Each structure stands twice: as structure tokens, then as C-alpha cells.
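My entries follow in the order I made them.

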Amino acid sequence: MTETTKAPLWFWVIGVIALLWNMMGLAAYFQQFMMSPEAFATLRPEQQNLLLDQPVWLTSAFAVAVFAGFVGSILLLARKRLAVRTFLLSLIAVFIQFGGLFLLKGYADVLTGGEWIMPILIPVFAAGLYLYARKTEKDGILA
């Protein structure tokens, strides 16, 4: 049996932030997946075309990224080592998703002003959560 170290307060703070962040990701996924025709009509034509032409593998990468991130957050708060691998899966899916959007679908041409914030923050958070989980595993906080 592996002995674990007591988790400091910052571990719980970061874990709750991770959970809230990934819950927002789930909300964004379901918002896109269940978008009403009225809501779709309010999007700019470029955004509509991007969603209509999105291949299934890109939508699947989005789903894997948000669900793995959410499960990884729960595993992190439960202090399970599996959180590290789950966050890695989420990170890989994020890179597939945004790689496909930027390289294949011309996503950069669709974004305006403040719309650049999330495509920057999402990979940063995904990488940060993976590295953080890896560190907590090495520090003996995860069992």
C-alpha cells in the first residue's frame, strides 16, 4: 500500500477551481451540442459554417477533452493517481480539438477580439492541470 502525504489547503483550492473550470467546459459542450435553431441563427455566418462543417472527430475530441477534464478533477479531489492519466487524456484531446480547428478549419479567421481568450486559456489550463496532477502524484498527495 502506498503511503500518502496530507494534502495542503492549496491542493483543495486548486482542485475546486479545476472542478469548476471543467464544469464550465461541460456546459459549453452541452450548449453547443443542444443549441436550438433560434440560438444557432444568432451566430455569425462564419461561426455557423464552422459548426456545420465540423467533422465528427473534432466534436468527439471536444467531448473527450471536457469529460476527461471533469472526471480528472473529481479524481484529483478524491486524491487518486488516475487523475494524472485522465488529465493527460484531456490535454491530448484539447490539442487535437484546437489543432483541428486552427489548422484544418480556419478557426483563426472566425475569431474576433475577446473570442481569442478561451482558445488560449483552455490549452493553458489543460496543460497546467496535467502538470499539477503529476506534481501532486510525485509529492505523494495522490494515492
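**Largest pocket.** I began with the elements around the largest pocket: α1 (9-33), α3 (45-52), α4 (56-77), α5 (82-104), α6 (107-110) and α7 (117-138) each supply at least two residues of its lining. Helices here are DSSP runs of H or I of at least four residues, strands are runs of E of at least two, and both are numbered from the N terminus. This is a predicted model, in which local features need pLDDT of at least 70 and side-chain atom pairs count only at pLDDT 80 or more, while totals for chains, interfaces and linings use all residues. Residues are numbered from 1 along each chain as its sequence is written, and side-chain values use heavy atoms, with hydrogens and water left out.

I noted a volume of about 980 Å³ for the largest pocket. The lining comes to 35 residues, and those nearest the pocket centre are A28, Q32, F62, Y107 and I122. I kept the pocket criteria beside this: on a 1 Å grid over the protein atoms alone, where a 1.4 Å probe fits, a pocket is an open set of points with protein on both sides within 12 Å along at least five of seven lines, and lining residues have an atom within 4 Å of a point. Grid points are joined across faces, edges and corners, and the volume is the space filled by probe spheres set on the points.

Which helix gives the most to this lining? I found that α1 does, with seven residues. By class I recorded 24 nonpolar, 10 polar and one charged residues in the lining of the largest pocket. In this count Ala, Val, Leu, Ile, Met, Phe, Trp, Tyr, Cys and Pro are nonpolar, Asp, Glu, Lys and Arg are charged, and the others, Gly among them, are polar.

**Second largest pocket.** I read about 210 Å³ for the second largest pocket. Its lining residues are Y29, Q32, F33, M35, F40, L51, L52, Q54, T59 and F62. The elements that give two or more residues to this lining are α1, α3 and α4. Again α1 gives the most, here with three residues. I sorted the lining of the second largest pocket into seven nonpolar, three polar and no charged residues.

**Y29.** I then looked at Y29, a residue of α1 that also lines the second largest pocket. Is Y29 buried or exposed? Y29 counts as buried, at 11% relative accessibility; buried means under 20% relative accessible area, exposed over 50%, and partly exposed in between, with a 1.4 Å probe and protein chains only. Apart from neighbours within four places in sequence, Y29 is in contact (heavy atoms within 4.5 Å) with T59, F62, A63, V66 and F67.

**N22.** I stayed on α1 for N22. N22 is buried, with a relative accessible area of 7%. What does its side chain reach? A polar atom of the N22 side chain lies 3.3 Å from the backbone oxygen of G69. Not counting residues up to four places away in sequence, N22 touches G69, F70, S73, F87 and L129.

**Helix α3.** I listed the buried residues of α3 as Q47, Q48 and L50. Seen down the helix axis, these fall within an arc of 160°, so they line one face of α3; the arc is that of the directions from the helix axis to the C-beta atoms. P45 and L52 are exposed on the other side of α3. What do the buried residues of α3 pack against? I found α2 (37-41), α5 and α6.

**A126.** I went to α7 for A126. A126 counts as buried at 9% relative accessibility. Leaving out residues up to four places away in sequence, A126 touches L91 and V94.

**R79.** I checked the loop between α4 and α5, where R79 lies. Phi of R79 is near 60°, a positive value in a residue other than glycine.

**Whole chain.** The chain has seven helices and zero strands. I noted that 37% of its 143 residues count as buried. The C-alpha atoms fill a box of roughly 55 × 25 × 25 Å along the principal axes. Among contacts between residues at least 6 apart in sequence, 77% join residues at least 24 apart.

Technical notes
A polar contact is a pair of N or O atoms within 3.5 Å; within protein, one must be able to donate a hydrogen and the other to accept it, and residues adjacent in sequence count only if both atoms are side-chain atoms.
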